[in-house]
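Hi,

Here is the structure I said I would pass on. Have a look at it first, and then read on for what turned up in it.

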Amino acid sequence: MSPTVAANGETQRPTTETPREPVLRVDDLRAYYRTRHFGVGREVKAVDGVSFEVRDNEIYGLAGESSSGKSTLLKAVAAAMRPPLQVVGGTARLRFLQAKSLHEASSAELAQLRWRKLSYIMQGSMSALNPVRRVRRSFEDFAARHLRETGAAFEAKVVAHLSQLRLDKSVLDAFPHELSGGMRQRVTIALATICRPDLVIADEPTTALDVVVQKDVLDMIRDLQRQSGSSLLLVTHDLGVHAYLTDRLAIMYGGRLVEEAPTEALFGNPQHPYAKHLIASLPRIGEEAPKAALAGGPPNLAEPPAGCRFHPRCPLAMERCRREAPVMTRVAPNHRVACFAVAGSA
Amino acid sequence: MLATLRDLFLYNPEFRIGAILLGLIAGMAALSLASPYAPLDTFVVAPDLPPSFAHPFGTTSRGQDVFWQLTFAIRNTLTFGIVVAVLSRLLSLAIGLLAGYKGGWVDRVLMAINDTFIAIPLFPILVLFYFVLRDAMSWAALAIIMALLGWAYDARLIRALALSLKTREFTYTGVFSGMTTRELLVREHLPYVMPIVFATTMNNMNWSIGLEVTLSVLGFTDINSPTVGGMIYWANQHTALVAGVWWWIAFPVILVVALFIGLFLLAVSMNEHIDPRSRLRRMGAEGGA
């Protein structure tokens with residue numbers, strides 16, 4: 001599938017109407033960390049009722065501070081959970097999956113899905129690749145089974161794919177520590193995208209890189225995505241990356257989404273008080289006034305505040321916010337906000 | 001691999017001395033194939049002759065040539081150490097990697113067994129085995145018993161590494177790509193722990209050979225298959241030191257001490273080689289600080 005081009009020549013941004021079912025539809029997903037030590041149970045509600053969808057051929061961004069639950073959300077969506085993380089409710093439905101939710105699918109079904117339909121770019125750290133295995137071995141270990149090709153055909157495919165990411169085939173014979181940070185990150189991207197999956201999930205793919213290399217890698221991610229027409233779910237706390245790359249953006253706070261809009265609209269006209277402060281905190285050239293900081297810190301997800309999780313820090317907090325949790329409400333086409341003060345009674 | 005060995009040989013005196021010692025001992029073990037005498041024959045030469053050209057290490061009171069007898073003894077002792085090391089390595093790798101990766105009740109059960117083996121005193125148990133098995137206590141039986149007793153320390157060490165490997169991203173990638181636990185452990189985690197296993201193998205051989213010599217000297221093993229400890233046992237039986245036949249005890253002791261030192265130096269140099277910082281310092285690449 002190729003990107004549709006609108007009359008003004010610009011790649012079409014997703015509109016209100018979605019002709020096809022979205023690639024990924026997450027509905028009221030709740031994923032908790034449940035631990036038990038010496039008979040005392042503890043529950044961390046890292047993802048608590050999140051709904052969104054990722055459409056065809058779009059880059060969907062997910063922003064939030066540390067401990068807002070964005071990495072947990074990714075793990076739940078990728079069905080890459082390990083105890084103590086559990087999905088306790090809601091669904092994550094993938095278009096190319098028979099089962100109603102990812103978490104009801106059998107492991108055989110998931111195995112069919114992974115790499116070919118759904119892939120995961122790991123955080124760009126030193127340990128994304130096995131330090132004692134050559135890059136070629138990583139491709140053989142992780143990707144060969146999904147590509148269903150071996151020997152020379154597999155090798156040719158890998159080399160062709162690497163060259164798309166401007167990597168020489170000599171990296172195949174290198175150990176990860178012999179590559180630069182940018183090369184290593186491009187290798188992990190190549191590893192995750194070699195089967196041209198429909199949906200790629202990326203967890204902070206450029207965090208470990210400096211801005212110059214970061215821009216390079218982001219450009220390559222975008223080129224690759226536009227070429228293959230796949231969808232990308234991108235998680236990072238770096239709003240600059242979101243502004244540069246994503247089509248739509250959602251902001252997460254305390255395990256829930258607070259606002260979702262096309263990226264430009266969100267940066268230009270944020271509605272939720274948290275999103276407003278977040279966007280206002282970005283430095284601008286020529287600005288001299290110091291930034292005002294919100295009092296307090298992100299909520300403890302083991303004992304989140306009742307009602308809206310932002311209310312203890314919110315300048316607009318009302319009595320109702322302490323009792324009820326606001327739901328995501330449409331305030332404009334494609335623009336949803338979870339706030340009583342902004343979206344009215346809802 | 002060859003380049004690594006060459007560098008070690010050039011830059012690391014411990015490795016150099018250890019390799020030379022072990023090379024000499026291995027060469028001596030290989031000479032057993034050319035021995036003019038069968039290992040169990042007695043009174044094939046004149047007894048109690050001091051070292052000479054005809055008999056470089058002298059002869060025993062049982063009419064055996066000490067040198068040729070030692071070639072058999074060291075071959076058996078060395079093979080014993082290697083068999084125990086290989087068998088116990090297989091056990092400790094399988095148990096350590098699985099316990100560390102799986103965690104939960106698998107880890108708890110395996111480590112409870114593991115700690116039991118660490119805590120129980122091995123020597124009395126081996127003596128007990130001898131008294132129960134008596135004639136059935138062959139060389140192979142002892143090797144298997146020692147292997148079953150000797151895996152625990154390294155399994156703990158390997159588990160500790162596996163615990164850290166389990167949280168690395170490439171492990172997640174492997175799980176996500178659908179690798180089975182066995183594939184993941186063998187193809188991703190095993191290569192990572194191998195260098196450390198090499199180093200501990202030397203220590204394990206030292207431990208098993210030491211125990212075997214101890215048991216043999218006391219006569220708690222199959223005294224009819226020649227080992228270094230068995231030779232010392234027979235020398236003691238014939239009161240070799242009182243009778244002035246010192247060479248019967250001295251040469252086996254010197255040989256086994258050389259074997260211990262060789263293995264120990266190799267283990268030390270391996271340890272140092274695995275740590276890149278000490279390797280660089282050794283090669284003179286690091287400045288002051």
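In what order do the eight strands of the open sheet in chain A run? Going across, the order is E5-E6-E7-E3-E8-E9-E11-E10, and the pairing is mixed. Before you go further, keep in mind that this is a predicted model.

The edges of that sheet are E5 and strand E10 (329-332) of chain A; each has a single partner strand, so one side of each is left without a neighbour in the sheet. On average, neighbouring strands here are turned by 20° against each other, direction ignored. Helix H5 (181-193) of chain A packs on the sheet, where it touches E5 and E6 of chain A, and its direction makes about 170° with that of E5(A).

Now for strand E6(A), which covers residues 199-203. Five of its five residues are buried.

E6(A) has partners you can trace by eye:

- E5(A) runs parallel to E6(A), and four bridges join the two. A:Leu118 sits opposite A:Leu199 in E6(A).
- Strand E7 (residues 231-235) of chain A also pairs with E6(A) in the parallel sense, over five bridges. Here A:Asp203 is opposite A:Val235 in E7(A). To get from E6(A) to E7(A), the chain passes through helix H6 (residues 211-228) of chain A, and this β-α-β crossover is right-handed.

Elsewhere in the sheet, strand E8 (residues 248-253) and strand E9 (residues 256-262) of chain A run antiparallel, joined by six bridges. One pair to look for is A:Arg248 with its bridge partner A:Pro262 in E9(A).

There is also an open sheet of three strands in chain A, with the order E2-E1-E4 and antiparallel pairing. Strand E2 (40-54) and strand E4 (85-94) are its edge strands, each pairing on one side only. From one strand to the next, the twist averages 10°. Strand E1 (residues 24-37) of chain A pairs with E2(A) over eleven bridges, in the antiparallel sense. Along this pair, A:Val26 faces A:Phe52 and A:Ala31 faces A:Val47. The two strands form a hairpin with two residues between them, and A:Phe38 in the turn has a positive phi of about 50°.

A:Asn57 has a positive phi of about 55° although it is not a glycine; you will find it in the loop between E2 and strand E3 (59-63) of chain A. A:Asn57 counts as buried, because it has 21 C-beta neighbours inside 10 Å. A:Arg196 is not a glycine either, and its phi is positive at about 50°. A:Arg196 lies in the loop between H5 and E6 of chain A, and with 16 other C-beta atoms within 10 Å it is partly exposed.

On to the packing. The largest nonpolar core has 90 residues, and those with the most contacts inside it are A:Leu24, A:Val77, A:Ile201, A:Leu233, A:Leu234 and A:Ile251. Leaving out residues up to four places away in sequence, A:Leu233 touches A:Leu24, A:Val54, A:Tyr60, A:Leu62, A:Leu199 and A:Ile201. Another core, of 41 residues, lies apart from it and includes B:Ala73, B:Met205, B:Val213 and B:Ala240.

Finally, how do the two chains meet? Between them, 19 residues of chain A are in contact with 15 residues of chain B. Helix H3 (residues 135-147) of chain A gives the most to chain A's side of this contact, with four residues. By class, that side has ten nonpolar, five polar and four charged residues.

Helix H8 (residues 169-176) of chain B is one to zoom in on: seven of its eight residues are buried, so the rest of the structure largely encloses it. The buried ones are B:Glu169, B:Phe170, B:Thr171, B:Tyr172, B:Thr173, B:Gly174 and B:Phe176. They pack against strand E5 (118-121) and H3 of chain A, together with helix H7 (152-166) and helix H9 (181-217) of chain B. After H8(B) comes B:Gly178, with a positive phi near 95°.

Cheers

Key. Residues numbered from 1 in each chain as written. Chains lettered and ligands numbered in written order. Predicted model: local features only at pLDDT ≥ 70, side-chain atom pairs only at ≥ 80, totals over all residues. Core = buried A, V, L, I, M, F, W, Y, C linked by C-beta atoms within 7 Å. Buried ≥ 20, exposed ≤ 12 C-beta atoms within 10 Å, placed from the backbone. Contact = placed C-beta atoms within 7 Å. Pairing = 2+ DSSP bridges. Axes fitted to C-alpha atoms, helices over the stretch in contact; angles between N-to-C directions. Nonpolar A, V, L, I, M, F, W, Y, C, P; charged D, E, K, R; others polar. Right-handed = clockwise from strand over helix to strand, strands pointing away.
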